[in-house]
Amino acid sequence: MWIRIKTDEGRRINIPVPLGFVGSPFVLKAAARCGGPEAAKYAPVAKDLCRELKRYVRTNGHFTLVDVESSDGTLVRITV
C-alpha cells in the first residue's frame with residue numbers, strides 16, 4: 001500500500017506501508033490501546049478487512065482506495 005501526499009507548493013511525500021503491517025497484531029493492539037474504546041471495538045474488523053484487501057489485490061491487482069484533493073491544492077492518494 002502506498003500513501004502519497006502532494007502539496008500545492010510542489011512537495012511530495014510517498015510512504016510505502018506493507019498491507020501485512022496494517023493488519024498485524026502489534027498495530028491493532030497499539031490502535032486499541034491508544035485510540036480509545038472505539039478503536040478497540042473495530043480492531044477485529046480491521047484484521048478481516050486487511051485479509052480481504054490482500055485477497056482482492058492477489059486476484060484483481062492494485063487499486064486506488066482514497067483519492068482526495070482539498071481546496072488548497074493538497075492531494076492525498078492511498079493506493080492498495
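Reader: How many aromatic pairs does a search of the whole structure find?

Author: One. Before going on: this is a predicted model, where local features need pLDDT of at least 70, side-chain atom pairs count only at pLDDT 80 or more, and totals for chains, interfaces and linings use all residues. Residues are numbered from 1 along each chain as its sequence is written, and side-chain values use heavy atoms, with hydrogens and water left out.

Reader: What makes Y56 and F63 an aromatic pair, and why is it called edge-to-face?

Author: Rings of Phe, Tyr and Trp (its six-membered ring) pair if their centres lie within 6.5 Å; planes under 30 degrees apart are stacked, over 60 edge-to-face, the rest tilted. Y56 and F63 sit 5.2 Å apart, centre to centre, with 85° between the planes. So the distance passes and the angle lands in the edge-to-face class.

Reader: Why is Y56 called partly exposed?

Author: Buried means under 20% relative accessible area, exposed over 50%, and partly exposed in between (1.4 Å probe, protein chains only). Y56 comes out at 41%, so partly exposed is the label. F63, at 23%, is partly exposed too.

Reader: What makes helix α2 lie largely in the open?

Author: Helices (H or I, at least four residues) and strands (E, at least two) are DSSP runs, numbered from the N terminus. Helix α2 covers residues 25-34, and of its ten residues the number buried is one, so it lies largely in the open. Just after α2, G36 takes a positive phi of about 90°.

Reader: Why is P18 called exposed?

Author: Its relative accessibility is 53%, so it counts as exposed. P18 belongs to the loop between β2 and α1 (19-22). In space P18 is 5.8 Å from M1, C-alpha to C-alpha, though they are 17 residues apart in sequence.

Reader: How do you know that β1 and β4 pair?

Author: Two strands pair if DSSP finds at least two bridges between them. Strand β1 (residues 2-6) and strand β4 (residues 75-79) have five, in the antiparallel sense, so they qualify. W2 stands opposite T79 in β4, while K6 has L75 as its bridge partner.

Reader: What about β3 and β4, and what sits in their hairpin?

Author: Strand β3 (residues 64-69) also pairs with β4 in the antiparallel sense over five bridges, with T64 opposite T79. The hairpin has five residues between the strands, and G73 takes a positive phi near 100° there.

Reader: What makes β2 and β3 edge strands?

Author: Four strands form an open, antiparallel sheet in the order β2-β1-β4-β3. β2 (12-16) and β3 each pair on one side only, which puts them at the edges.
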